[in-house]
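Here is a short briefing on one protein chain. Have the sequence and the structure open as you read.

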Amino acid sequence: MNSLVVLAYLLCISTAERTPQTQGHSLSCYKCYSEVSWEDCDKKQYAVHCIPGYGDEVCTTVKRTWWVKTNSSQHQKVSYSKNCNYAEGCTDEECREIGRQCTLSVKCCSSYLCNTSVIESANFIFIAAFLCLAL
């Protein structure tokens with residue numbers, strides 16, 4: 001029974017950080033940028049309040065891959081980012097607009113701090129599933 005109480009407590013803690021503390025605030029998202037990895041981006045991430053009325057309608061998680069030409073060769077560059085954005089930005093249109101050879105992997109969501117890392121999301125799901133099974 002004690003373990004059930006502990007699991008319920010852990011579930012409450014993990015959901016509390018995903019719930020806004022006060023009503024009336026704009027959307028909040030994580031923000032980070034890295035040209036190393038998602039793990040590096042996650043280490044640098046911090047929460048920001050999106051600005052309503054300026055198109056900041058969704059939280060985004062974006063992986064960009066593009067080619068850079070140097071004197072005699074090409075090499076691939078990759079960036080990882082999270083931020084607030086327009087809902088219209090949830091496509092690969094950016095590559096077509098700039099005419100660069102690139103690919104985008106864009107994920108958008110519109111709830112409080114929803115662009116969290118995959119690891120945090122997996123932990124939350126695991127705790128919730130375990131608690132449901134324990135009941």
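Glutamine 45 sits in the loop between helix 2 and strand 2 (46-49). This is a predicted model. Glutamine 45 has a relative accessible area of 17%, and the cut-off for buried is under 20%, so glutamine 45 counts as buried. Its side chain makes a polar contact of 2.8 Å with the side chain of lysine 82.

**Overall layout**

- The protein chain holds four helices and five strands.
- Along the sequence, their order is α-β-α-β-β-β-α-β-α.
- Of the 135 residues in the protein chain, 27% are buried.
- The accessible surface of the protein chain is about 9100 Å². Carbon and sulfur atoms account for 57% of that surface.
- Take the contacts between residues at least 6 apart in sequence: 66% of them join residues at least 24 apart.

**Strand pairing**

- Strand 3 (residues 58-69) pairs with strand 4 in the antiparallel sense, over 12 bridges.
- A hairpin of four residues links strand 3 to strand 4.
- Which residue of strand 4 is the bridge partner of threonine 65? It is valine 78.
- Strand 3 also pairs with strand 5 (residues 102-109), in the antiparallel sense and over eight bridges.
- On the strand 5 side, cysteine 102 stands opposite tryptophan 66.

**The aromatic pair**

- How many aromatic pairs does a search of the whole structure find? The search finds one.
- The partners are tryptophan 38 and tyrosine 80.
- Is tyrosine 80 buried or exposed? Tyrosine 80 is buried, at a relative accessible area of 11%.
- Tryptophan 38 is partly exposed, at 25% relative accessibility.

**The nonpolar core**

- In soluble globular proteins, nonpolar side chains tend to be buried together.
- The largest nonpolar core here has six residues: Leu27, Cys29, Val48, Cys50, Cys59 and Cys84.
- Setting aside residues up to four places away in sequence, leucine 27 touches Val48, His49, Cys50, Glu57, Val58, Cys59, Ser110, Ser111 and Tyr112.

**The loop between strand 5 and helix 4**

- Leucine 113 belongs to the loop between strand 5 and helix 4 (118-134).
- Most residues other than glycine have a negative phi. Leucine 113 is not a glycine, yet its phi is positive, at about 50 degrees.
- Leucine 113 is buried, with a relative accessible area of 7%.
- Asparagine 115 is found in the loop between strand 5 and helix 4.
- Asparagine 115 is buried, with a relative accessible area of 1%.
- What does asparagine 115 touch, not counting residues up to four places away in sequence? The list is Cys29, Tyr30, Cys59, Thr60, Thr61, Lys82, Asn83 and Cys109.
- Two core members, Cys29 and Cys59, are among these contacts of asparagine 115.

- Where is aspartate 56? It lies in the loop between strand 2 and strand 3.
- Aspartate 56 is partly exposed, at 23% relative accessibility.
- Leaving aside neighbours within four places in sequence, aspartate 56 contacts Cys50, Ile51, Cys84 and Asn85.
- Cys50 and Cys84 belong to the largest nonpolar core.
- Asparagine 85 is in strand 4.
- Asparagine 85 counts as partly exposed, at 23% relative accessibility.
- Asparagine 85 and threonine 61 are 24 residues apart in sequence. Their C-alpha atoms are 9.9 Å apart in space.

Conventions. Residues numbered from 1 in each chain as written. Predicted model: local features only at pLDDT ≥ 70, side-chain atom pairs only at ≥ 80, totals over all residues. Heavy atoms only, no water. Phe/Tyr/Trp six-rings, centres within 6.5 Å; stacked < 30°, edge-to-face > 60°. Buried < 20%, exposed > 50% of the residue type's maximum accessible area, 1.4 Å probe, protein only. Core = buried A, V, L, I, M, F, W, Y, C linked by side-chain atoms within 4.5 Å. Contact = heavy atoms within 4.5 Å. Pairing = 2+ DSSP bridges. Helix = DSSP H or I, 4+ residues; strand = E, 2+ residues; numbered from the N terminus. Areas by Shrake-Rupley, 256 points an atom, 1.4 Å probe, with all protein chains shown as cover. Polar contact = N/O pair within 3.5 Å; in protein donor to acceptor, adjacent residues only side chain to side chain.
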